[in-house]
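Please look at the sequence and the three-dimensional model together while reading. The paragraphs below begin with a charge and a ring, and then pass to rings, cores, cavities and the backbone.

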Amino acid sequence: MSNVEAESVELRCGASVDDRRESKVPQIEVLTPREVPLGGPRAMTVRRTLPQRARTLIGAWCFADHYGPDDVAETGGMDVAPHPHTGLQTVSWLFSGEIEHRDSLGSHALVRPGELNLMTGGHGISHSEVSTPGTTVLHGVQLWVALPAEHRLTERDFQHYVPEPVRLDGAEVRVFLGSLAGHNSPVRTFTPLLGAEIVLEPGATVTLGVDPAFEHGLLVDHGRVGMAGTLLDAAELGYAATGSDSLTLVNESQERARTVLLGGTPFDEEIVMWWNFIGRSHEDIVRAREDWENSSDRFGVVEGYPGDRLPAPALPNAVIMPRRNPPRR
């Protein structure tokens, strides 16, 4: 997915459901989304919760777009022309609909509900994303993972994985990255990560064992969910710092609630994010933009997309500064 946004948004601190917190229960920060139009001939609006002005990453997760349910008959669906990426992995996860993915590695795949597509664009890759003609409702998340410095120029790669549902008392879990609820994903990542869809039954309370070395973020797709005592509404993302070995989720609504749990060890490197590139300096970004605009071999060619590729936006009239999370408390 291509990023055209130039501004960020604020963070608010979460209020406890009952205004009481136990010492071993993690405090939750609540990240509220902002609406951002995607690029391309048919702009589609998404809700973005990462990055924020106050929080750039959760683990190595550095970008979270949440979209739909989108009536394709009214909006035209998704049509994101070929665009480049560096220094990251893209994670595509759908709740409904279908997206056709093409990339310069030669991959031609469909993104379907409950199936993970993970693309690695270290040194450089390009891809397109188009909702298929049979899609009536488009609904899902698009996520990015920052690559650590030692792997940020790695070769292009593409992985597909269909996790089996794990049924718990009151919940169903699909683990697409990392380990949770006794299930391990075989998908390769470059830092320790967790990614899982969790569907909670009406009124259910579920306590999950988690790695205390991980920080976690819970994105609520629909419903109202308590995360360690803090209430999250639909489209909000709750952040929990490291140190807890369990995470309790409560569905406060009388319908099924769907969430996406993200986690990882803190990513302590400074990164520079601009458009679809992640680097370590302003010069990294300038070089990547020049390579894309000059059609260099760095990003390859996406075959089969019926249209032109996306041009890079103009660089800002200032040095793009690195950013990182606030110091850990």
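The charged end of R309 sits over the ring of W292, 3.8 Å from its centre, where sitting over a ring requires NZ of Lys or CZ of Arg within 6 Å of the ring centre and within 35 degrees of the ring normal. This is a predicted model, in which local features need pLDDT of at least 70 and side-chain atom pairs count only at pLDDT 80 or more, while totals for chains, interfaces and linings use all residues. Residues are numbered from 1 along each chain as its sequence is written, and side-chain values use heavy atoms, with hydrogens and water left out.

W292 also takes part in an aromatic pair with F299, an edge-to-face pair with 5.7 Å from centre to centre and 85° between the planes. Rings of Phe, Tyr and Trp (its six-membered ring) pair if their centres lie within 6.5 Å, and planes under 30 degrees apart count as stacked, over 60 as edge-to-face and the rest as tilted. Both W292 and F299 are buried, a term for under 20% relative accessible area, with exposed meaning over 50% and partly exposed in between (1.4 Å probe, protein chains only). Another charge over a ring is that of R258, whose charged end sits over F95 at 4.2 Å from the ring centre.

In soluble globular proteins, nonpolar side chains tend to be buried together. A nonpolar core is here a set of buried Ala, Val, Leu, Ile, Met, Phe, Trp, Tyr and Cys residues joined through side-chain atoms within 4.5 Å. The largest such core has 34 residues, and those with the most contacts inside it are W61, C62, V91, L116, F176 and L177. Its largest share, five residues, comes from β12; strands (E, at least two residues) and helices (H or I, at least four) are DSSP runs, numbered from the N terminus. A second, separate core of 26 residues includes A171, I198, F214 and A228.

Where is empty space left? Rolling a probe the size of a water molecule over the atoms shows this. On a 1 Å grid over the protein atoms alone, a cavity is a set of points where a 1.4 Å probe fits but cannot get out, and lining residues have an atom within 4 Å of a point. Grid points are joined across faces, edges and corners, and a volume is the space filled by probe spheres set on the points. There are two cavities of 30 Å³ or more. The largest cavity has a volume of about 60 Å³, and β7 (88-96) gives the most to its lining, with three residues. Among the residues that line the largest cavity are Y67, W93, H101 and E129. The second largest cavity, of about 50 Å³, has F214, H216 and L247 among its lining residues.

Most residues other than glycine have a negative phi, and most peptide bonds are trans. The peptide bond from L50 to P51 is cis, with omega near 0°, and P51 is placed in the loop between β4 (45-50) and β5. Another cis peptide bond joins G68 and P69, and P69 lies in strand β5. A228, in the loop between β21 (225-227) and β22 (230-232), has a positive phi near 50° and is buried, with a relative accessible area of 11%. A235, found in the loop between β22 and β23, has a positive phi near 80° and counts as buried at 9% relative accessibility.

Technical notes:
On a 1 Å grid over the protein atoms alone, a cavity is a set of points where a 1.4 Å probe fits but cannot get out, and a pocket is an open set with protein on both sides within 12 Å along at least five of seven lines; lining residues have an atom within 4 Å of a point.
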